[in-house]
Amino acid sequence: MVAVCGPNEATPEEAELAEAVGEALARRGCAVICGGRDGVMAAACRGAKRAGGVTIGVLPGYDRRAANPWVDYAICTGMGEARNAIIVASADVVIAVGGGLGTLSEIALALKLGKRVVSLGSWALEDQRLARQEAQQLYRQAVTVDQAIELALAGVSRASPT
């Protein structure tokens, strides 16, 4: 399961990248988990569905109807932004496409949990404290969708316990 994180109000470029990421992940047999709303989340789900994939949306509120139309399984949390912890804890790896502070929180939580994170036009984390915390080894930046998928899935097995 791969988390695709990014802004609810995505730019056209971010949406295009996220849709391609979702499609590529589904073609590789990965389920997509995200925040289930609009923007990057909807685009990733749309791409995954086009390729016959499975999508999971972890929603901030209690109404399943708030999920984008490409979510197969909507999980209502009533937790607002705190749902980000559920998204990244449930994923084997995270791909961040663009993003604001919500995306940054998902990146930080994933790194804290020891999960690999791939940035595709997202935050550049170059702080020396990350290197000391060994998080730098888990955080990679990609330039293309294909590169992001390869970096994300390198070493991830279907039987991953995380």
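The exercises below concern a predicted model.

**Exercise 1. Describe the order of helices and strands in the protein chain.**

Solution. Start by counting: the protein chain has six helices and seven strands. Next, read from the N terminus on, where the elements run β-α-β-α-β-β-α-β-α-β-α-β-α. Then turn to burial: of the 162 residues in the protein chain, 47% are buried. Finally, take the contacts between residues at least 6 apart in sequence; 55% of these join residues at least 24 apart.

**Exercise 2. Work out which face of helix H4 is buried and what it packs against.**

Solution. Step one is the helix itself. H4 covers residues 101-112, and its 12 residues reach 16 Å from the first C-alpha to the last, close to the 16 Å expected at 1.5 Å a residue.

Step two is to list the buried residues, which are Thr-103, Glu-106, Ile-107, Ala-110 and Leu-111. Viewed down the axis of H4, these buried residues fall within an arc of 130°, so they line one face of the helix.

Step three is to find the partners. The buried residues of H4 pack against strands S1 (2-5), S5 (93-97), S6 (116-120) and S7 (139-142), and against helix H3 (83-90).

Step four zooms in on one residue, Thr-103, which lies in H4. Thr-103 counts as buried because its relative accessibility is 2%, under the 20% cut-off. Setting aside neighbours within four places in sequence, Thr-103 is in contact with Cys-5, Gly-6, Pro-7, Ala-96, Gly-98 and Ser-122.

**Exercise 3. Carry out the burial analysis for helix H6.**

Solution. In H6 (residues 145-153), the buried residues are Val-145, Ala-148, Ile-149, Ala-152 and Leu-153. They cover an arc of only 110° around the axis, which puts them on the same side of H6. Their packing partners are S1, helix H1 (12-27), S5, S6 and S7.

**Exercise 4. Decide whether Cys-34 is in a disulfide or in no disulfide.**

Solution. The structure holds zero disulfides. Cys-34 is in no disulfide, and the nearest cysteine sulfur, that of Cys-45, is 3.5 Å away; the cut-off is 2.5 Å. As for burial, Cys-34 has 0% relative accessibility and counts as buried. Cys-30, at 14%, counts as buried too.

**Exercise 5. Search for aromatic pairs, then find the charge over the ring of Trp-70.**

Solution. Searching the whole structure for aromatic pairs gives zero. The charge over the ring of Trp-70 belongs to Arg-46, whose charged end sits 4.8 Å from the ring centre.

Terms used: Residues are numbered from 1 along each chain as its sequence is written. This is a predicted model: local features need pLDDT of at least 70, side-chain atom pairs count only at pLDDT 80 or more; totals for chains, interfaces and linings use all residues. Side-chain values use heavy atoms; hydrogens and water are left out. Helices (H or I, at least four residues) and strands (E, at least two) are DSSP runs, numbered from the N terminus. The expected span of a helix is 1.5 Å times one less than its number of residues. Buried means under 20% relative accessible area, exposed over 50%, partly exposed in between (1.4 Å probe, protein chains only). The arc is that of the directions from the helix axis to the C-beta atoms. Contact means heavy atoms within 4.5 Å. Rings of Phe, Tyr and Trp (its six-membered ring) pair if their centres lie within 6.5 Å; planes under 30 degrees apart count as stacked, over 60 as edge-to-face and the rest as tilted. A charge sits over a ring if NZ of Lys or CZ of Arg is within 6 Å of the ring centre and within 35 degrees of the ring normal.
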